[in-house]
Amino acid sequence: SASTAMSNDELILPQDFPQLLNDTFLRAARGEDTPHVPVWCMRQAGRYLPEFRKAREGRDFFDTCRSPEACCELTLQPLRRFPFDAAIIFSDILVVPQALGMSVQMVAGKGPTFPEPLKEPEDLQQLQAKVDVSKELDYVFKAITLTRHKLEGKVPLIGFSGAPWTLMSYMIEGGGSSTHAKAKRWLYRHPEASHMLLRMLTDVIVQYLLGQVAAGAQALQVFESHAGILGPAEFKEFSLAYLRDIARRVKEKLKEAGQDVPMVVFAKDAHYALEDLSQSHYEVVGLDWTVDPRSARRERTGGKVSLQGNMDPCALYAPKEHISRIVKKMLEGFGTKGYIANLGHGLYPDMDPENVGAFVEAVHRHSKEMLKQQ
């Protein structure tokens, strides 16, 4: 009928979104007061949920990423189970190399694999010089718009991208790696070509993040998952410079449009760079579990930014009452203001959903008690 056709069209237009009912995540990101500490989990839409495994069954991973309906369903699944304070769109960081013309496959038991990785600087000529982001990554934008409508204002929707160095390392290694020696070899042997590739990626990521906001994302997270394999000097030159550039350029454009979208930077294992990260135009710095909450808050970031993190995901293997104690200690370390509770990395596939629920519940309960006592 005409009426259903119309309602479906409305779900794909990035306008007339439902009113936001729980903005604790956005408030904490901006350092404002909240009734409780907001909490979400990296990889909260994932294989630890039986319903996720069922929905993904027999489907190619990147086909799933290209289906707005599938991404929307997977994004909403964890929110049906747990009172998370934010949703993060289901997608993958490697959609950006795909947009640059590289082929990536998800190989069972092996993870993401590039059949033809970049080997030498001349291989850069095979990449798309001019990427039409609105066309190439249109499926992500559609997924965000659809999900933002279907969330019905329950919680804010976070969009994300991988950071340039992390994407570069995948594109050269051809997949995961423990040493990243092939990618790091480029940094030392071909610094100019490395910067050229990092600049190409940065330009696409800026457009990609802006497109996500236009599609309905209410916050953005940039994942520098491979930060920890760089030393402090290399991190400054090949990662931090581009992380700052991304935030600066995205903010500039959003400001012109009168939009204010908090941005989170998560540089895993870059504990040596906390001071720098807290002065790089992001409202929130995400921390992995190797960082002490108290020192991160007091000595290292001086309350200039909000912090997100950082419980060891493996703490979720502990019994529930132990999880509660770990959470309480973490909250006492970070304090209740300008803080978003999360794990120090993503959820693992063999984790018990019940324990994830216990984590969320403990954050809400302990933080409300702490706020009462203030």
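In the unreviewed UniProt entry, the feature "domain: Uroporphyrinogen decarboxylase (URO-D)" is placed at residues 38-47 and 158-174. The model examined here is predicted, and the two annotated spans can be followed in it one after the other. In residues 38-47, helix and strand each account for 0% of the span, whose end C-alpha atoms lie 23 Å apart. Residues 158-174, by contrast, are 59% helix and 29% strand, with 28 Å between the end C-alpha atoms.

Seven strands form an open sheet with parallel pairing, in the order β1-β4-β5-β6-β7-β8-β9. Its edges are β1 (87-88) and β9 (339-343), each of which pairs on one side only. Within this sheet, β4 covers residues 157-162 and β5 covers residues 219-224; five bridges join the two in the parallel sense. Along this pairing, glycine 159 is found opposite leucine 220 of β5.

The account now turns to the largest pocket, which holds about 1,500 Å³ of space. Its lining comprises 45 residues, and those nearest the centre are Arg43, Arg47, Phe61, Asp92 and Met106. By class, the lining consists of 23 nonpolar, 13 polar and nine charged residues. Among the elements that each supply at least two lining residues are α3 (50-56), β2 (105-107) and β3 (111-113). Of the contributions to this lining, that of α3 is the greatest, at three residues.

Conventions
Residues numbered from 1 in each chain as written. Predicted model: local features only at pLDDT ≥ 70, side-chain atom pairs only at ≥ 80, totals over all residues. Heavy atoms only, no water. Pairing = 2+ DSSP bridges. Helix = DSSP H or I, 4+ residues; strand = E, 2+ residues; numbered from the N terminus. 1 Å grid on protein atoms, 1.4 Å probe; cavity = no way out; pocket = protein on both sides within 12 Å on 5 of 7 lines; lining within 4 Å. Points joined across faces, edges and corners; volume = space filled by probe spheres on them. Nonpolar A, V, L, I, M, F, W, Y, C, P; charged D, E, K, R; others polar. UniProt positions renumbered as here; feature names shortened; annotations may be inferred.
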